[in-house]
Amino acid sequence: MVRSLVRIGSLVGLLLAFALAVRADDLKAPLGKVELADGDSIVFLGDSITHQRLYTQYVEDYFYTRFPQQRLKLHNAGVGGAQAWDALQRFDADVAAYKPKYVTILLGMNDGRYQPFNQEIFDTYRTDMTELLERIKGIGATPILMTPTMFDSRAARATNRERPAESTQLYNSVLTYYGTWLREIAVENGHGFVDMWGPLNNITLDERKSDPAFTLIKDAVHPDAPGQVVMATALVGDAGLPRLVSRITININKNGPKANAKGGTVSDLVETDDGIEFTWQANSLPWVLPEEAQLGVKLTRLGHRLSQESLEIHGLEPGRYMLTIDDQEVGRFPASRFERHLELQANAKTPQYAQALEVATLNKQRNEGPVSELRNEWRKFQQYARVKRDAAANPDNAQAKEQLDKLEAEIAGMDERVAAANAAAREIEDQIFAINQPPTRKYVLKRVR
């Protein structure tokens, strides 16, 4: 009897182990790294926070400078006020038409309707988001789910806009509930995932320890430029994109200088009577953002974390050295500074910084011009789609019918205007790719005392 029970127990154990093994084989891993090739397309789908064209602009700056040899297709598909349902209405023409490899999704801020958690409202969001994910997978693209951003209740109380006290106090927690659900969906289905909520809240909390009035979101909902840098760095970091721009390491000994480099090629390295010189062909440029974004660059340590451009030299004679790049003096440093490694990515005196800033300036023009025009066309369409839905639900409502007719007239010719805006955006992008190629640069390190 005992032997039989032992055999039965062993059999049950084997069956359980087999079942667990089978289930483990069925588990999917969330996307760990975005893989891109020349010609690949990325669509940034979202609401007004995407419509702001800031975090998307900064991520575009990253791609233009980090992958100058790849002509990626980057499309902003944000519309102010959008909920997941709205994204479904414009999906074919505003997402699928761009044949994306990846679609980032930033929706939820409006879906929660700025009130304490409501199960029925969440169920609507979940239903529409689930359908949206199926549509994205149906066109062969990989979804990258992004949590709703932070609702700043302190900033909300400081504005003149009246909100119910309970909604103001609780809405940020509603958004983290939505984001947690998105994370579970990403993990279970093997999608990409980016935490936008955490970094914005964590930086705000940390800064308020010294400045209680600090905010990245003055109107409580839409992050300002520094907050949008937080979002851009979260996307780049969580998407597993390359962090290093370059690392040049040079060792000087009795046999002469030797170089080891990542992110480019060192050539013509020679030791001179008072230093060294070499030529450098970089593969990319540093990630440089416009002036209004610089607080965000500082708060996120963007350069050190995601754009490091370092120069490390061992064996220099003690003293102070002047570094020039293409005959442009970029600074004077003690030999010990090069022993630890000198980071150049934030040095505005370097030619590569100036080149990357020119790229960012052009891309800002692209976003404030034709991309803005494009997104405003889709804002009109969104209003039309909503009124059309309401008119269908209330066929006897003459006012709704009149409003629908008016909006139909406004969106007439939209396809041609969208095409024109896309063409104008591409023209500016052509200019970007004419100036974003890293040239060979001459580095000279000379002892000055």
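Figure 1. Residues 24 or more positions apart make up 77% of the chain's contacts with a separation of 6 or more, a contact being heavy atoms within 4.5 Å. This is a predicted model, in which local features need pLDDT of at least 70 and side-chain atom pairs count only at pLDDT 80 or more, while totals for chains, interfaces and linings use all residues. Residues are numbered from 1 along each chain as its sequence is written, and side-chain values use heavy atoms, with hydrogens and water left out. Of the 449 residues, 49% count as buried, meaning under 20% relative accessible area (1.4 Å probe, protein chains only). The chain holds 16 helices and 14 strands; these are DSSP runs numbered from the N terminus (helices H or I, at least four residues; strands E, at least two).

**Figure 2. Course of helix H8.** H8 covers residues 165-189 and has 25 residues. From first to last C-alpha the helix reaches 37 Å, close to the expected 36 Å, which is 1.5 Å times one less than its number of residues. A bend of about 40° occurs at Tyr-171, taken as the angle between axes fitted to the seven residues ending there and the seven starting there. Gly-190 follows H8 and has a positive phi, near 75°.

**Figure 3. Buried residues of H8 and their partners.** Tyr-171, the site of the bend, is among the buried residues of H8, which also include Ser-167, Leu-175, Trp-181 and Ala-186. The buried residues pack against helices H6 (119-138), H7 (153-158) and H9 (197-207), and against strands S4 (142-146) and S5 (192-194).

Note on methods. Buried means under 20% relative accessible area, exposed over 50%, partly exposed in between (1.4 Å probe, protein chains only).
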